[in-house]
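Trainee: I'd like to learn how to read a model like this one. Can you walk me through it?

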Amino acid sequence: MAFISSGYNPDKPMENRITDIGPRSYEEFLPPVIKKNFGKWLYHEILEPGVLVHVAESGDEVFTVRVGAARLMTVSHIREINEIADKHCDGYLRFTTRNNIEFMVDSKDKVEPLKQDLLSRKQAGGGFKFPIGGTGAGVTNIVHTQGWVHCHTPATDASGPVKATMDVLFDDFTSMRMPAQVRVALACCLNMCGAVHCSDIAILGYHRKPPILDHEYLDKMCEIPLAIAACPTAAIKPGKVEVGGETIKSVSVNNDRCMYCGNCYTMCPSMPLADTEGDCIVLMVGGKISNRISMPKFSKVVVPYLPNNPPRWPETTDAIKKIIEVYAADANKYERLGEWAERIGWEKFFEKCGLEFTHHLIDDFRDPAYFTWRQSTQFKFTK
Amino acid sequence: MELKHKTPLLDELESGPWPSFVSDLKREAISRKTNEKGIDYQCPAEMPEDLLGVVELSYEHGRTHWKHGGIVGVFGYGGGVIGRYCDQPEMFPAVAHFHTIRINQPSGKYYTTEYLEQLMSLCERRGSGLTNMHGSTGDIVFLGSHTPQLEEIFWELTHNINQDLGGSGGNLRTPSACLGMSRCEYACIDTQALCHYMTNEYQDELHRPAFPYKFKFKFDGCPNCCVASIARSDLSFIGTWKDDIRIDAEAVKAYVGGELKSNAGAHASRDWGPFDIQKEVVDLCPGECMAWDGSKLAIDNSNCTRCMHCINTMPRALRIGQDTGLSMLVGAKAPILDGAQISSLLVPFIKAEEPYDEIKEVIENLWDWWMEEGKNRERIGELMKRQGFQKMLEVTGLKATAQHVKEPRSNPYVFWKEDEVPGGWKGDINEFRKYHQR
């Protein structure tokens, strides 16, 4: 492994340096039929799960085959995507916001060979490389964060629970039997890089223990004021501790105020908070981002704790499957999961889904909490 | 082929129909191990293998084995690279450092295979051969490279691929957009053009952290919000229209008659019975502005809230209006600290035409305010709550309208400004005492 220079000269970093050029223009990458009909589309139709046609004013049609993907993707896999796009789509493709891949062709007779090719490609373990689906009133791909693959504060993995969940929900990725679309998201800690807070179903990793303090190294490794300032609830104070007969500077944590966000750990590696028993999965449901019919809404916590149980998180996938099945059977056409829960009442939601309601689910965090309590005698009795 | 580490737990994620990241990682591990093309890897060939090893260890322990990054990056930029180190470097030396590189994706995420191959060749030679397509904010992510390769990757990106990095840290994060007019009949604005323009306009803000915290732009072409701008961006741009929904009366009849499938066929895997326009469209309209008399659909557009339901349900019969623009909403963020926020409406309607001067004025006024008043790590949504919506109107020079609220306040604690009350606040006590004894 001999070092090969790109041309960069570390002694003169500004020499021939190119900066601030931004991304490549999207116009370079539009397939010809898309470029020609840009802004002139009339309507679309989902021909079957995962296959769309868009029809332009010119009469041109573009057929899209949407496939799922793991967002952690290797060079080899992307080269295989390229091979497919070169073979069927004149070298063009696109990705969706939810980690799906879209292969587009400009005539209907090209759809079937493309589909056959995509579905014929399997992984060593038997899984599809390119499952077709993710359209309409079904479950589309999960947007998620890094988890144990690349993050320092996760309370769970991301890629693993996503794989396990999509295996369980696979039939609803490849079909459209739901009352409306079901958007699932995963964030591996409450910082929510994945912003799961407006999803039909949100899988959230959650720590339940305050940081452990590595007093001996804390002052050597960290800027104590930064660690203190990083705490959103002001739970950290400077302090002095005895270690090996020596008084050293460190911090103390008011454990009752800690919300386990890990922001202190980001600033100070001597305050780790990952814990095998403490870390868990929280399920939140009923959020949406679309303005369709009802306004966008937040997801609500309906299961405060499920064990963090790799490699397949069965308790989590069972709970999700159950909620989705009850929703599918009970909701009206077009009704999103949160709209359904609000219509029947959340007390009925818990009853129908067989979920236990515990004190953890009553909001007690600052002002907004009050507005979630019931200022009314209107409620439904449940068994 | 035997790999470096046994991964019995991860191996269980190779079964099942959904694409397995474990199988894919193993595939790359073998590709690098065999190195059929004879590539002179600039990062260790074992990176995918050691990543599998470290993740397996996390599956055993139920805990992560990554540490936070420290300061790594490329010269002159304050973002785009996120440092990452493994806490078991002796066991997994190939991923001892494993820094992430964010690459600004093209607007709308269309690609040619030629361009993707350029990126993949770079990722293979100077990285781990692993990516995220894409990160949560929208970037193309090279997952894992070593410190000496960062400048080399940046050099190759800018010199050979004409491509820049994305954002990280306290700066403008990589903006993202839905596919907009390129393939969607609902697009009220050219989201890709607007996103591309703003990304280039604010390169300095994107690369050099000068903000109290992160700031995200997302551009949605219509109120369906496919890129989740309303939940995931500090400034949400959402296409909308002012005039009437266009109706094709014949196509409406075709939906009623069952010749056309409701919602573009989105419910096809289940028998929901014959389409009932009254129940499925008219009765669900949040503006209650539609009427169906058995042969003709009427819309009272003045009471339409543009929720998209009727258009989504009958896309061949109903189309968005033609006087299009966008709404700007401010302050979405994840829950830390005071709870999650969805963006709040600031500009009900603004035209989206190059050079977008009016839009830029709103953006820059908001930034000036936030950079002046925002505390360290305070998102603009939190500043908005701390100083009040009125303050945001003041700094942007916008006039309050009833559209700004769902309902007016239910407490009367109006903080009047001195110049709003005749005579101001300097009372004359002697004048007062002439009429009121002590």
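**Reading strands, helices and the interface**

Mentor: Let's start with one pair of residues: T64(A) stands opposite M104(A) in β6(A). Bear in mind that this is a predicted model.

Trainee: How many bridges join strand β3 of chain A to strand β6 of chain A?

Mentor: Five bridges join them, and β3 (residues 61-67) runs antiparallel to β6 (residues 101-105).

Trainee: What is the order of the strands in the open sheet that holds β3(A) and β6(A)?

Mentor: Read along the sheet and you get β1(A)-β2(A)-β3(A)-β6(A)-β5(A)-β5(B), six strands with antiparallel pairing. β1 (41-48) of chain A and β5 of chain B stand at the edges with a single partner strand each, so one side of each has no neighbour in the sheet. From one strand to the next, the twist averages 30 degrees.

Trainee: Which strands meet where chain B joins in?

Mentor: Strand β5 (residues 92-95) of chain A and strand β5 (residues 110-112) of chain B, which run antiparallel and are joined by three bridges. For a pair to click on, take Y92(A), whose bridge partner in β5(B) is T112(B).

Trainee: What about helices on that sheet?

Mentor: Helix α4 (residues 113-126) of chain B lies across β5 of chain A together with β5 of chain B, at about 80 degrees to β5(B).

Trainee: Then how do I read two helices against each other?

Mentor: Two packed helices are described by the angle between their axes and the distance between the axes.

Trainee: Which residues in α2(B) and α3(B) meet?

Mentor: On the α2(B) side they include F21(B), V22(B), L25(B) and A29(B), and on the α3(B) side P48(B), L51(B), L52(B) and Y59(B) are among them. Sorted by type, the residues of this contact are eight nonpolar, no polar and five charged.

Trainee: Chain B has another sheet, I think. What is its strand order?

Mentor: That open sheet of five strands in chain B goes β8-β9-β10-β15-β16, with mixed pairing. β8 (176-177) and β16 (344-350) of chain B are the edge strands, each with a single partner strand, so one side of each is left without a neighbour in the sheet. Helix α6 (residues 191-201) of chain B packs on this sheet, touching β8, β9 (217-220) and β15 of chain B, and its direction makes about 165 degrees with that of β9(B).

Trainee: And how is β15 of chain B tied to β16(B), parallel or antiparallel?

Mentor: Antiparallel: four bridges join β15 (residues 324-330) to β16(B). One bridge pairs V330(B) with S344(B) in β16(B).

Trainee: Let's zoom out to the interface. How many residues of each chain are in contact?

Mentor: 143 residues of chain A are in contact with 142 residues of chain B. The area buried between the two chains is about 12600 Å², with carbon and sulfur atoms giving 57%. R24(A), W148(A) and H150(A) lose the most area on the chain A side, yet together they make up 6% of what that side buries.

Trainee: How many salt bridges are there between chain A and chain B?

Mentor: Ten. Look at D20(A) and R208(B), whose side chains meet in one at 2.7 Å, N to O. Helix α2 (residues 75-88) of chain A gives the largest share of chain A's side, nine residues. By type, that side divides into 72 nonpolar, 45 polar and 26 charged residues.

Notes:
Residues are numbered from 1 along each chain as its sequence is written. Chains are lettered from A and ligands numbered from 1 in the order in which they are written. This is a predicted model: local features need pLDDT of at least 70, side-chain atom pairs count only at pLDDT 80 or more; totals for chains, interfaces and linings use all residues. Side-chain values use heavy atoms; hydrogens and water are left out. Contact means heavy atoms within 4.5 Å. Buried area is the accessible area (1.4 Å probe) that two parts lose on being put together, summed over both. A salt bridge is a side-chain nitrogen of Lys or Arg within 4 Å of a carboxyl oxygen of Asp or Glu. Helices (H or I, at least four residues) and strands (E, at least two) are DSSP runs, numbered from the N terminus. Ala, Val, Leu, Ile, Met, Phe, Trp, Tyr, Cys and Pro count as nonpolar, Asp, Glu, Lys and Arg as charged, and the others, Gly among them, as polar. Two strands pair if DSSP finds at least two bridges between them. Axes are lines fitted to C-alpha atoms, for helices over the stretch in contact, and angles run from 0 to 180 degrees between N-to-C directions.
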